[in-house]
Every structure is written in C-alpha cells, then in structure tokens.
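Q: Hi, I'm new to this one. Could you walk me through it?

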Amino acid sequence: MRASQVIGLAWRSLARSKLRSFFMMLGVVVGIAALTALASVGEATRQETMRQFKRMLGTFDTLTIRPGANSTRGMPSLGQVEPSLKFGDGPAIATGVRGVKRVALVQQAFDLDVSYRNETTVPLVLGVSSNWADIRGEAAAHGEHLTEDDDRSLARVAVIGVDVARTLFHDEDPLGRTIRIADVPFQVKGVMAPRGSGPGGASLDNVLVIPVATASKRLFNRDYLTTIVVQLDDADDSDRVADDVRALLRERHRIIPPAQDDFTVGSPRATLAQIAKVGTTLSKVVTGVAMIATLIGGAVIMSLMLIGVSERRREIGVRRAVGATRRDVLQQFLAEAALISVLGGAIGIAIGMGGATVGALLQKLPPAYMWPMIGAAALLSLLVGIAFGLYPAWKAANVDPIEALRS
Amino acid sequence: MNVIEAIHLARTYRRGDGTPVAALRDISFTIAAGEFVVIRGASGSGKSSLLNILGCLDTPTSGEYRLAGENVSTLSDDARSHIRSKRIGFVFQSFNLLPRATAIENVEVPALYTGAAPDRARARSLLDRVGLAERAEHFATELSGGEQQRVAIARALMNDPPLLLADEPTGNLDSAAGESVMQLLASLQEGGRTIVLVTHDEHVASFADRELVIRDGAIASDTARRPWRQP
C-alpha cells in the first residue's frame, strides 16, 4: 500500500466513528495540552524572573562581592555583615584585575527612617560611589545623578526612587528639598528612572542613594562595605575575572587556604543559572505528570484499538482475502493509532498554547511558548500512538482470515 | 491449460484436545481455464476446507495445489496474499462488504493491495457492469442483499483475476435476487474466466458446466452437467 493510501484509509476509518475517535484522543489531548500549557506558563514565568533580575541588576555583565563566606542570597543591612570588605578593596580590584571596566562601592541599609515634613518612609538606603549609576546605564529621570565631587566633598545629597518621591512629596517637586535620613539632613538632587518590580515582585523604586563617602562618614560611621559591584569588559570573561578577584582579595585579606574566604564573589549569571535550574526541576516534575497523562491516553488508545480489532475481525478477514498482507493490516491499524494520537497531540498543543496565553495574560505577563517542549510534545504524541498501537495492530495482522470470514 | 490442479490434497485439523480430524482426504481433480465448476456437498463434507485451499487462504496438510501450473501449497503467507490479490476473486455467502464504506469504496478495496495507483474509473465501470452505477455513493448498509452481493462481485473483479471463487453466493438471498446474481456470475465466464462455486443448492448448480460432489472429505462424483464450451 502507498503511504497516502494508508493515511487516507486511517483517516476515513477514524472519521466514520467520530465518537470512538473522540474518546481515543481524549487522554492524549489532555496530556499534551497540560504539557504544552505548563511548559509555556513555566517559560513565561522564567522569562519574567529573568526580566525582574535584569531590572534589579540593570545589567548582567557584573560580579557582586559581598562580605562573609557564604552570602549569595538576601540583602544584608550594613549593621549585620562582617566588616571584611574595605573601601580600599575597590580601587585595588579596578587596577589589579584585568578585564574590569568599573568598580562601584556600596553601603546599604534598609532600617533607616527617611522623612520630609510629616511624611516618613523606610526605603533601601544605598551609599554608592558615583559610577554606580554608570553601571546601571540609566540617566536620572529628573535632576541629576551623584557625582565624584559629591563623594569627595562628603556632600549631603540624595537621589531618590520614584516610590520615595511619591511617598514623601506627593505632587511636590522634590528637587532641592531637604529630607532627613536618620535625622541627618540631605538635599534631593535627582529622581531615578522607574525600575518596576524585582524578583518576588517587590518594588525596586523604594530606594534612595547618597554618596558612599558621605554614608560612611556622616551617616553610618562604618569603614566597610556591604557590596562591591565589578563591571566587566566582557561578560563571557566572568569566571576568569571572578577567580582573579578572589585571588587578589585573599592576598589583601591575608587569607591562606584552608582558611575560609571572608567574602563571596557572585555573578548574576550564576544566580540566573540557578534560577533557570530551579525552573527546570519544577518543569521536570510538571512534565513528568503530563507525560503520565499522555501515557494513560496511549493506554486508552490501545484498549479501544483492541476492542476495534475484535469488532473488525470480519473487515480484516475481507481485506486479507482480497490480497492484504499481514503487513498491510498492521500498517492500517498502526496508522489509525498514530493518526488519532497525533490529532490528539495537535489539538492538545492548540489548547495548551491557548491556555498558556490566557494564563500568562491573567498573570499580566507577556505569553511565552516553549517551542522545544511543544515540538517534543508533538513527537511524544506520535510515539505514544505508535507504541500503544503496535500491539493492537499486531493482533489485527494476525487475525486468521479463515476464522474471521466463517459466517 | 489447467487453472487448478489438485493432487492428492489432504487437510487435517487438530481439535482442542489434539485429536486430528481429517476434513479433506486425498482429493485430486483439475479445472481447465474458463470452466464454471460447482462443488456440492452437505455441510461438514469438507467443501469449505477445499475452497479455502483453492483460494490460497489455507494450505493443504499434504498433497499439492497447482494454480496455473505453479505449486502454491508451500508458499509463504505473503506470497499467497499476493496471489489472492492478483489472481483470485472471492464472493461470499454473507457478502462481507465493509459496512462503513460506500459501494464504490468497497469495490476499490482490492486495488489498495496491488501497489497500483487508485483507479476510481475502473471501480465505477465495474459497478455499472453489475447494474449499480447509481448506487456508487451509498453505504453498504443502505443496499439490499442482492445489491450488496452485486457490489461484492464487482469487488471480486476489481483486479481482473482469472479465477473467481464463490461460497454459497445466493445463500442469503431470496430467489429473485439469487437468480439475478447467478446470471451475473454465469456471464462472467465469458472471456475465459474460471469460476468455482460452492453450494448445496441444486438450482444454483444448474448454472455450471460441471459438478464435483464432496462427501466426507473425498470426491464422490465428478460429472459434466452440460457440454463444456471451449472458450
């Protein structure tokens, strides 16, 4: 038989028992729809997480150095960290490590009251070197960013995030106004561009930056940092630069292995890779469940095919009598199983993509479709059809025509 | 030339408990091309077993079956399928049309297994020949018994086989429909086609040139019913 005839025959057979075909494909539809939808929703969520990190970090071509041996997560306040990262470490990295574009110094605290007249808020307060804004690559939305002069002169100036501006000033123009950070007066010289939400959905705009020298000497009275941000010339070089930074800091901090480092070098890429991996673990579980559903769909196909074979013994007998070989009969029934499964898969993919789109829109995320998974789902439906169709088709091929035709 | 040569054919079945049952024992005869032969016998006489072997659906336990001079009794299942496809047409007592297919689709079924391109025109002309051109698009279940059997005959002719085997073709038909089916079958003999028909009906047997009677798995008589016309 020609391939087109085999498929045509399978199509007609399925089309002429629509209800049976519907039930045959139901399990595969559900399984593949779940596979497609969950994978695509997962992908949309993962992409959104990536965007959130991108918004928080501004850029991915950086390394983040924090005090302490194991501080990869969370945002420590200045009072809670080891005093191991010194101001001198920053310039040392800038001059001593190849492939470093900028080094920004950060002191941070999120337990300080910030007030203007009767309004008070508790934003994240960052003491930053003036090149911090350059790493993020964003101009101030209003007014100006901090400058090197501000840092040198220990100026009491602040650039505030839009949330802080809104809370403290409402509709008033904040520029030139004096706010009090832990009762120390600072003049507002700029408002940052809005950044939206970061990982976990928290606002990235409830923030305020002041010169790091001012922070150190006039606000916190501490001579160590919570973070050093290193921007790379080439993001792909991050592993090498991280190693060099570690070596340099060990030397400066006089750490001789096996003594533990008193700092941690993290890269956004590593963090993102970890996020992607967590996403992968979750999607593996989800994929497993959906695959089981698809396999159950395959089992339904097999049982209904087996019933079909016994109902169609006479048809098989006739076909054998008029010249069909065992192989012809096997092909016919296998084609029916594969076709119904692939149709179920196609419908499942359509439903799954529709569901993923609705799901993403409900979460107010741009929809994303995980095409490799969708391709795999299509392939899976074909394989399920063939795998579960094989036994019924074999039974059909081995129907004894003499038995089947005996009236 | 002999289309069929049966040489000491025997067919033994085994019962569930392993006891052998001889359905056919030592059957020998020949059928020439263009003959219309009827095989008669009571039920259980072995005539269906014989027809299965003649139709290459079954193989003899011993003896030799030559189809157009070729020994086909030891051929593989596939090889016999190909022989059925090209050289044998079947007509059954219960018509055996595919119920979910139209008349014309039923006629086309044998063409599926020849590897040739679909030939709807031939199927249509065969339906026309059996007088059912206007019923081509009807489903098998919408046709009367006589119509179904005529579709089945058209199907048997689809691959233009030299040998037609019919098993009680009028057994499920009323006498009028049976008569018209028999006339149709008899007309197919023209052009040199060989017809072997199994029946227990004396009237049906009267259409044939020659009658073989089977009793207890052996040939009881072999008589010419009327002078056979060399085609």
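This is a predicted model: local features need pLDDT of at least 70, side-chain atom pairs count only at pLDDT 80 or more; totals for chains, interfaces and linings use all residues.

Q: OK, so is A:S310 buried or exposed?
A: A:S310 counts as exposed because it has 12 C-beta neighbours inside 10 Å.

Q: Where is A:S310 found?
A: In helix α9 of chain A. Helices (H or I, at least four residues) and strands (E, at least two) are DSSP runs, numbered from the N terminus. A:S310 and A:A404 are 94 residues apart in sequence, and their C-alpha atoms are 9.7 Å apart in space.

Q: In chain A, where is confidence lowest and where is it highest?
A: Confidence here is pLDDT, the predictor's score for each residue, from 0 to 100. In chain A the lowest mean, 82, belongs to α9 (residues 268-311), and the highest, 95, to α10 (residues 313-321). Chain A averages 87, with 96% of the residues scoring at least 70.

Q: And chain B?
A: Its mean pLDDT is 91, and 97% of its residues reach 70 or more. For the complex, the predictor gives an ipTM of 0.93 and a pTM of 0.73.

Q: What domains is chain A divided into?
A: Domain 1 (3-53 + 273-405) and domain 2 (62-233), with bounds from an automatic or database domain assignment. The centres of the two domains, taken over C-alpha atoms, are separated by 55 Å.

Q: How many residues of α7(A) are buried?
A: In α7 (residues 212-220) of chain A, 7 of its 9 residues are buried. Among them are A:V212, A:L219 and A:F220. The buried residues pack against several elements of chain A, including β2 (100-109), α5 (148-152) and β10 (207-211). After α7(A) comes A:N221, with a positive phi near 55 degrees.

Q: How many residues of α1(B) are buried?
A: For α1 (residues 47-54) of chain B, 8 of its 8 residues are buried. B:K47 and B:N52 are among them. B:C56 follows α1(B) and has a positive phi, near 60 degrees.

Q: Switching topic: how many residues of chain B are in contact with chain A?
A: 22 residues of chain B contact 19 residues of chain A, where contact means that the C-beta atoms of two residues, placed from the backbone, lie within 7 Å. On the chain B side, α2 (77-87) and α3 (103-112) each give two or more residues. The largest share, 6 residues, comes from α2(B).

Q: What classes do the residues on that side divide into?
A: There are 8 nonpolar, 8 polar and 6 charged. Ala, Val, Leu, Ile, Met, Phe, Trp, Tyr, Cys and Pro count as nonpolar, Asp, Glu, Lys and Arg as charged, and the others, Gly among them, as polar.

Q: At what angle do α3(B) and α4(B) cross?
A: The axes of α3(B) and α4 (residues 120-129) of chain B cross at roughly 115 degrees and come within 9 Å. Axes are lines fitted to C-alpha atoms, for helices over the stretch in contact, and angles run from 0 to 180 degrees between N-to-C directions. B:V107 of α3(B) and B:L126 of α4(B) are among the residues making the contact.

Technical notes: Residues are numbered from 1 along each chain as its sequence is written. Chains are lettered from A and ligands numbered from 1 in the order in which they are written. A residue is buried if 20 or more other C-beta atoms lie within 10 Å of its own, exposed if 12 or fewer, and partly exposed in between; C-beta atoms are placed from the backbone.
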